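Please look over the sequence and the model below before reading on.

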Amino acid sequence: MIAGAAPAASQDGTCRQALVLALDVSGSVDSGEYRLQMDGLAQALTDPQVARAILAPGAAPIALYVFEWSGPQFQNLLVDWTLVTDRPTLNGIAGTLRDTRRSPSPPSTALGTAMAVGGSALARGPECWKGTIDISGDGKSNTGPRPQDLDDLAQLEGVTVNALVINTIDSMGAGPGDDDLFSYFENLVIRGPGAFVERADGFEDYARAMKKKLLREINALAVGGLEASEVPDRG
(Lines give C-alpha, C1' and ligand atoms only; values in the text may rest on other atoms or scores of the structure.)
Protein backbone atom coordinates (compact mmCIF):
# COMPACT_ATOMS: atom_id res chain seq x y z
CA MET A 1 0.00 0.00 0.00
CA ILE A 2 1.25 3.47 -0.77
CA ALA A 3 2.54 5.60 2.07
CA GLY A 4 -0.21 7.46 3.89
CA ALA A 5 -3.05 5.65 2.10
CA ALA A 6 -6.23 4.83 3.93
CA PRO A 7 -6.87 1.15 4.71
CA ALA A 8 -9.11 -0.61 2.22
CA ALA A 9 -12.25 -0.56 4.34
CA SER A 10 -14.63 2.28 5.07
CA GLN A 11 -15.86 3.05 8.56
CA ASP A 12 -19.14 1.23 7.95
CA GLY A 13 -17.41 -1.71 6.25
CA THR A 14 -18.63 -0.96 2.73
CA CYS A 15 -17.38 0.65 -0.43
CA ARG A 16 -19.14 1.14 -3.73
CA GLN A 17 -16.58 -0.58 -5.93
CA ALA A 18 -13.45 -2.69 -5.57
CA LEU A 19 -11.50 -2.06 -8.77
CA VAL A 20 -8.49 -4.16 -9.82
CA LEU A 21 -6.34 -2.57 -12.53
CA ALA A 22 -4.22 -5.21 -14.31
CA LEU A 23 -1.52 -3.96 -16.71
CA ASP A 24 0.06 -6.05 -19.49
CA VAL A 25 3.89 -5.83 -19.41
CA SER A 26 4.64 -8.88 -21.59
CA GLY A 27 7.32 -9.04 -24.27
CA SER A 28 5.23 -7.15 -26.82
CA VAL A 29 5.40 -4.05 -24.58
CA ASP A 30 8.67 -2.15 -25.07
CA SER A 31 10.18 0.31 -22.59
CA GLY A 32 8.54 3.35 -24.17
CA GLU A 33 5.13 1.65 -24.22
CA TYR A 34 5.59 0.60 -20.61
CA ARG A 35 6.11 4.24 -19.64
CA LEU A 36 3.09 5.35 -21.68
CA GLN A 37 0.95 2.78 -19.88
CA MET A 38 2.07 3.69 -16.35
CA ASP A 39 1.92 7.43 -16.93
CA GLY A 40 -1.31 7.07 -18.88
CA LEU A 41 -3.05 5.33 -16.00
CA ALA A 42 -1.75 7.96 -13.58
CA GLN A 43 -3.03 10.71 -15.89
CA ALA A 44 -6.43 9.06 -16.25
CA LEU A 45 -6.90 8.56 -12.50
CA THR A 46 -6.12 12.21 -11.74
CA ASP A 47 -8.08 13.65 -14.64
CA PRO A 48 -10.56 16.16 -13.13
CA GLN A 49 -13.63 14.28 -14.39
CA VAL A 50 -12.39 10.92 -13.14
CA ALA A 51 -11.29 12.36 -9.79
CA ARG A 52 -14.70 13.96 -9.28
CA ALA A 53 -16.41 10.66 -10.09
CA ILE A 54 -14.22 8.72 -7.63
CA LEU A 55 -14.60 11.34 -4.88
CA ALA A 56 -18.29 12.12 -5.41
CA PRO A 57 -19.67 13.72 -2.21
CA GLY A 58 -22.10 11.48 -0.40
CA ALA A 59 -21.04 8.38 -2.32
CA ALA A 60 -19.43 5.35 -0.74
CA PRO A 61 -15.71 5.26 -1.57
CA ILE A 62 -13.87 3.21 -4.20
CA ALA A 63 -10.98 0.84 -3.43
CA LEU A 64 -8.13 0.41 -5.95
CA TYR A 65 -5.59 -2.38 -6.46
CA VAL A 66 -2.98 -2.21 -9.26
CA PHE A 67 -0.66 -4.94 -10.54
CA GLU A 68 1.32 -5.68 -13.70
CA TRP A 69 1.50 -9.10 -15.33
CA SER A 70 3.07 -11.10 -18.13
CA GLY A 71 3.83 -14.85 -17.84
CA PRO A 72 2.11 -17.32 -15.47
CA GLN A 73 4.63 -16.66 -12.67
CA PHE A 74 4.90 -12.89 -13.08
CA GLN A 75 2.40 -10.67 -11.29
CA ASN A 76 3.99 -7.63 -9.71
CA LEU A 77 1.95 -5.67 -7.16
CA LEU A 78 2.20 -1.90 -7.64
CA VAL A 79 -0.56 -0.56 -5.36
CA ASP A 80 -2.12 -2.74 -2.65
CA TRP A 81 -5.78 -2.28 -1.73
CA THR A 82 -6.26 1.40 -1.03
CA LEU A 83 -9.52 3.11 -0.15
CA VAL A 84 -9.62 6.40 -2.07
CA THR A 85 -11.29 8.92 0.22
CA ASP A 86 -9.55 12.15 -0.76
CA ARG A 87 -7.47 13.78 -3.48
CA PRO A 88 -4.09 13.33 -1.73
CA THR A 89 -4.64 9.55 -1.67
CA LEU A 90 -5.52 9.54 -5.37
CA ASN A 91 -2.49 11.71 -6.15
CA GLY A 92 -0.34 9.31 -4.12
CA ILE A 93 -1.45 6.35 -6.24
CA ALA A 94 -0.69 8.31 -9.41
CA GLY A 95 2.73 9.23 -8.02
CA THR A 96 3.51 5.58 -7.31
CA LEU A 97 2.68 4.68 -10.91
CA ARG A 98 4.80 7.50 -12.31
CA ASP A 99 7.74 6.44 -10.12
CA THR A 100 7.49 2.75 -11.05
CA ARG A 101 10.37 1.41 -13.11
CA ARG A 102 10.12 -1.73 -15.16
CA SER A 103 11.19 -5.04 -13.62
CA PRO A 104 12.48 -7.91 -15.79
CA SER A 105 9.48 -9.93 -16.92
CA PRO A 106 8.89 -13.00 -19.13
CA PRO A 107 7.94 -12.33 -22.76
CA SER A 108 4.83 -14.52 -22.67
CA THR A 109 1.22 -13.37 -22.21
CA ALA A 110 -0.73 -15.26 -19.53
CA LEU A 111 -4.04 -13.42 -19.78
CA GLY A 112 -6.07 -16.15 -18.07
CA THR A 113 -3.64 -16.23 -15.14
CA ALA A 114 -3.89 -12.46 -14.80
CA MET A 115 -7.69 -12.71 -14.64
CA ALA A 116 -7.46 -15.41 -11.96
CA VAL A 117 -4.97 -13.34 -9.93
CA GLY A 118 -7.28 -10.34 -10.19
CA GLY A 119 -10.16 -12.47 -8.93
CA SER A 120 -8.07 -13.67 -5.99
CA ALA A 121 -7.23 -10.06 -5.14
CA LEU A 122 -10.93 -9.21 -5.08
CA ALA A 123 -11.68 -12.22 -2.89
CA ARG A 124 -9.26 -11.03 -0.19
CA GLY A 125 -10.03 -7.34 -0.67
CA PRO A 126 -12.61 -5.06 0.95
CA GLU A 127 -16.33 -5.78 0.96
CA CYS A 128 -17.83 -3.61 -1.76
CA TRP A 129 -21.09 -3.45 -3.66
CA LYS A 130 -19.34 -4.41 -6.89
CA GLY A 131 -16.07 -6.12 -7.83
CA THR A 132 -14.43 -5.26 -11.15
CA ILE A 133 -11.25 -6.39 -12.89
CA ASP A 134 -10.03 -3.83 -15.42
CA ILE A 135 -7.48 -5.63 -17.62
CA SER A 136 -5.33 -3.98 -20.30
CA GLY A 137 -3.69 -5.96 -23.09
CA ASP A 138 -2.19 -5.66 -26.57
CA GLY A 139 -2.30 -9.34 -27.55
CA LYS A 140 -3.91 -12.72 -27.08
CA SER A 141 -3.06 -15.18 -24.32
CA ASN A 142 -0.32 -17.60 -25.36
CA THR A 143 0.47 -19.45 -22.14
CA GLY A 144 -1.27 -20.63 -19.00
CA PRO A 145 -5.03 -21.19 -18.74
CA ARG A 146 -7.06 -19.68 -21.56
CA PRO A 147 -9.54 -16.94 -20.62
CA GLN A 148 -12.42 -18.98 -22.08
CA ASP A 149 -11.61 -21.87 -19.73
CA LEU A 150 -12.19 -19.90 -16.51
CA ASP A 151 -15.98 -20.17 -16.31
CA ASP A 152 -15.86 -22.42 -13.24
CA LEU A 153 -13.26 -20.39 -11.37
CA ALA A 154 -14.76 -19.52 -7.98
CA GLN A 155 -12.91 -16.21 -7.59
CA LEU A 156 -14.49 -14.84 -10.79
CA GLU A 157 -18.06 -15.67 -9.78
CA GLY A 158 -20.13 -12.47 -9.80
CA VAL A 159 -17.12 -10.40 -10.90
CA THR A 160 -17.21 -8.04 -13.88
CA VAL A 161 -14.14 -8.23 -16.13
CA ASN A 162 -13.72 -5.25 -18.45
CA ALA A 163 -10.90 -4.83 -20.96
CA LEU A 164 -8.85 -2.12 -22.60
CA VAL A 165 -7.55 -3.42 -25.94
CA ILE A 166 -4.39 -1.68 -27.14
CA ASN A 167 -4.05 -1.99 -30.92
CA THR A 168 -0.39 -1.94 -32.00
CA ILE A 169 1.83 -2.95 -34.90
CA ASP A 170 4.60 -5.33 -33.90
CA SER A 171 8.25 -5.16 -34.97
CA MET A 172 7.54 -7.21 -38.10
CA GLY A 173 4.98 -4.68 -39.24
CA ALA A 174 2.01 -7.00 -38.82
CA GLY A 175 -0.17 -6.54 -35.79
CA PRO A 176 -3.00 -8.83 -34.67
CA GLY A 177 -5.63 -6.81 -36.53
CA ASP A 178 -7.90 -4.32 -34.80
CA ASP A 179 -11.16 -6.19 -35.31
CA ASP A 180 -9.59 -9.57 -34.57
CA LEU A 181 -8.09 -8.54 -31.22
CA PHE A 182 -11.17 -6.57 -30.19
CA SER A 183 -13.39 -9.57 -30.97
CA TYR A 184 -11.06 -11.87 -29.03
CA PHE A 185 -11.42 -9.77 -25.87
CA GLU A 186 -15.12 -9.19 -26.44
CA ASN A 187 -15.95 -12.87 -26.94
CA LEU A 188 -13.46 -14.65 -24.69
CA VAL A 189 -12.16 -12.29 -22.00
CA ILE A 190 -14.82 -9.94 -20.66
CA ARG A 191 -17.56 -11.33 -18.46
CA GLY A 192 -20.06 -10.41 -15.76
CA PRO A 193 -22.75 -7.74 -15.39
CA GLY A 194 -22.31 -4.81 -17.80
CA ALA A 195 -18.91 -5.99 -19.08
CA PHE A 196 -17.43 -4.06 -22.02
CA VAL A 197 -14.27 -3.51 -24.08
CA GLU A 198 -12.64 -0.12 -24.64
CA ARG A 199 -10.17 0.42 -27.48
CA ALA A 200 -6.89 2.39 -27.51
CA ASP A 201 -5.22 3.24 -30.81
CA GLY A 202 -1.72 2.35 -29.65
CA PHE A 203 -0.10 3.13 -26.30
CA GLU A 204 -0.07 6.83 -27.20
CA ASP A 205 -3.87 6.69 -26.89
CA TYR A 206 -3.84 4.76 -23.62
CA ALA A 207 -4.54 7.68 -21.27
CA ARG A 208 -7.57 8.84 -23.27
CA ALA A 209 -9.01 5.32 -23.53
CA MET A 210 -8.39 4.59 -19.84
CA LYS A 211 -10.11 7.82 -18.81
CA LYS A 212 -13.14 6.90 -20.91
CA LYS A 213 -13.25 3.41 -19.44
CA LEU A 214 -12.86 4.55 -15.83
CA LEU A 215 -15.68 7.07 -16.22
CA ARG A 216 -17.95 4.39 -17.66
CA GLU A 217 -17.13 1.98 -14.83
CA ILE A 218 -17.43 4.48 -12.02
CA ASN A 219 -20.44 6.41 -13.28
CA ALA A 220 -22.39 3.16 -13.60
CA LEU A 221 -22.51 3.23 -9.80
CA ALA A 222 -23.20 6.95 -9.41
CA VAL A 223 -25.39 7.70 -6.40
CA GLY A 224 -28.74 9.24 -7.26
CA GLY A 225 -27.89 9.43 -10.96
CA LEU A 226 -25.55 12.38 -10.38
CA GLU A 227 -23.31 12.95 -13.40
CA ALA A 228 -19.56 13.07 -12.64
CA SER A 229 -19.17 16.38 -14.48
CA GLU A 230 -21.71 17.94 -12.09
CA VAL A 231 -19.92 16.93 -8.93
CA PRO A 232 -17.79 19.70 -7.37
CA ASP A 233 -14.09 19.03 -6.94
CA ARG A 234 -12.98 17.63 -3.59
CA GLY A 235 -9.57 17.84 -1.95
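The paragraphs below begin with the nonpolar cores, then turn to a helix and a pocket.

This is a predicted model. In soluble globular proteins, nonpolar side chains tend to be buried together. Here the largest nonpolar core has 37 residues. Those with the most contacts inside this core are Leu 41, Leu 45, Ile 54, Leu 64, Val 66, Leu 97 and Leu 214. Two or more core residues come from each of strands E1 (17-24), E2 (62-69), E3 (75-84) and E5 (160-166), and from each of helices H1 (31-46), H2 (48-54), H3 (87-99) and H6 (206-219). A second, separate core has 30 residues, among them Trp 69, Met 115, Ile 133 and Ala 163.

Leu 45 illustrates the packing. Leaving aside residues up to four places away in sequence, Leu 45 touches Val 50, Ala 51, Ile 54, Leu 64, Leu 90, Ile 93, Leu 97 and Leu 214.

Next, helix H3. Its buried residues are Arg 87, Thr 89, Leu 90, Ile 93, Ala 94 and Leu 97, and these pack against H1, H2, E2 and E3. An α-helix has 3.6 residues a turn, so residues three or four places apart point the same way. The length of H3 can also be checked: at 1.5 Å a residue, its 13 residues should span 18 Å, which agrees with the 18 Å between its end C-alpha atoms.

What is the volume of the second largest pocket? The value is about 180 Å³. Of its 14 lining residues, the closest to the centre are Leu 122, Cys 128, Lys 130, Gly 131 and Val 159. Helix H4 (residues 111-123) gives the largest share of the lining, 3 residues. By type, the lining of this pocket comprises 7 nonpolar, 4 polar and 3 charged residues.

Conventions: Residues are numbered from 1 along each chain as its sequence is written. This is a predicted model: local features need pLDDT of at least 70, side-chain atom pairs count only at pLDDT 80 or more; totals for chains, interfaces and linings use all residues. Side-chain values use heavy atoms; hydrogens and water are left out. A nonpolar core is a set of buried Ala, Val, Leu, Ile, Met, Phe, Trp, Tyr and Cys residues joined through side-chain atoms within 4.5 Å. Buried means under 20% relative accessible area, exposed over 50%, partly exposed in between (1.4 Å probe, protein chains only). Helices (H or I, at least four residues) and strands (E, at least two) are DSSP runs, numbered from the N terminus. Contact means heavy atoms within 4.5 Å. On a 1 Å grid over the protein atoms alone, a cavity is a set of points where a 1.4 Å probe fits but cannot get out, and a pocket is an open set with protein on both sides within 12 Å along at least five of seven lines; lining residues have an atom within 4 Å of a point. Grid points are joined across faces, edges and corners, and a volume is the space filled by probe spheres set on the points. Ala, Val, Leu, Ile, Met, Phe, Trp, Tyr, Cys and Pro count as nonpolar, Asp, Glu, Lys and Arg as charged, and the others, Gly among them, as polar. The expected span of a helix is 1.5 Å times one less than its number of residues.
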